[in-house]
Amino acid sequence: EHALLAFTLGVRQLIVSVNKMDTTKWSEDRFNEIVKETSNFIKKVGYNPKSVAFVPISGWHGDNMLEESANMPWYKGWTKETKAGVVKGKTLLDAIDAIEPPVRPSDKPLRLPLQDVYKIGGIGTVPVGRVETGIIKAGMVVTFAPTNVTTEVKSVEMHHEQLEQGSPGDNVGFNVKSVSVKDIRRGNVASDSKNDPAKEAASFNAQV
């Protein structure tokens with residue numbers, strides 16, 4: 001179920017750690033049996049088992065978590081295929097370190113769905129949301145869809161610190177000029193008015 005949910009949500013990199021190896025007396029046969037069964041399942045879900053690291057561990061004893069275990073001399077390490085080539089390792093930490101960071105779509109037009117809009121004394125109207133694509137920075141003229149309210153961004157903040165720019169994945173608050181909290185609301189989408197601003201759509205495709 002976790003693998004199916006992860007794949008449905010767009011997660012394309014997976015690590016399978018086989019826990020409680022101490023309860024099987026560090027059995028190689030049991031590990032291989034689980035790897036075979038799990039490989040068949042994740043293949044049906046959509047993953048390529050060759051690109052997945054399978055790591056036998058004991059969370060209780062710490063085996064193969066941070067350091068190589070002496071209890072499983074038969075285990076020669078995991079191997080997985082990536083776009084960059086073949087990657088090898090021994091521990092769960094190695095497998096985590098081998099995850100390729102996702103490419104943030106900062107080169108695409110700005111799309112920032114609003115989660116909330118606040119009125120802060122002495123500052124003004126501050127919409128809050130997560131940057132999905134593109135960047136947002138002070139001086140940019142943004143348009144809120146579908147209301148078509150256009151205004152200039154005065155400043156961008158994250159965790160009470162001023163940012164030069166907000167990038168994909170950042171949860172930001174940004175101060176806007178001459179816009180009331182009644183003009184925009186949760187669910188509106190902010191976009192760059194000069195670079196493919198967001199528009200209403202008659203239809204859209206989605207994975208359910």
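A residue counts as buried when its relative accessible area is under 20%, as exposed when over 50%, and as partly exposed in between, using a 1.4 Å probe and protein chains only. By that scale, four of the five residues of strand S8 (residues 141-145) are buried, so this strand is largely enclosed by the rest of the structure. The model is predicted, with local features needing pLDDT of at least 70 and side-chain atom pairs counting only at pLDDT 80 or more, while totals for chains, interfaces and linings use all residues. Residues are numbered from 1 along each chain as its sequence is written, and side-chain values use heavy atoms, with hydrogens and water left out.

**Domains**
- An automatic or database domain assignment supplies the domain bounds, and the chain is divided into domain 1 (1-98) and domain 2 (111-192).
- The centres of domain 1 and domain 2, taken over C-alpha atoms, are separated by 42 Å.

**Strand S8 and its partners**
- Strands (E, at least two residues) and helices (H or I, at least four) are DSSP runs numbered from the N terminus, and two strands pair if DSSP finds at least two bridges between them.
- S8 pairs with strand S9 (residues 149-158) in the antiparallel sense over four bridges, and threonine 143 stands opposite threonine 150 in S9.
- The hairpin of S8 and S9 has three residues between the strands, and asparagine 148 takes a positive phi near 60° there.
- S8 is also joined by four bridges to strand S13 (residues 189-192), the two running antiparallel, and in S13 the bridge partner of threonine 143 is serine 191.

**Salt bridges**
- The structure holds five salt bridges, each defined as a side-chain nitrogen of Lys or Arg within 4 Å of a carboxyl oxygen of Asp or Glu.
- Among them, arginine 111 and aspartate 196 meet through their side chains at 3.6 Å, N to O. Arginine 111 lies in the loop between helix H3 (92-97) and S5 and aspartate 196 in the segment after S13, so the pair ties together parts that are 85 residues apart in sequence.
- Arginine 111 is partly exposed at 22% relative accessible area, and aspartate 196 is also partly exposed, at 45%.
- Glutamate 33 forms a salt bridge with arginine 30, with the closest N and O atoms 3.3 Å apart; both residues lie in helix H2 (residues 28-45), three residues apart, about one turn of the helix.
- Another salt bridge links glutamate 132 to arginine 130, the closest N and O atoms being 2.8 Å apart.
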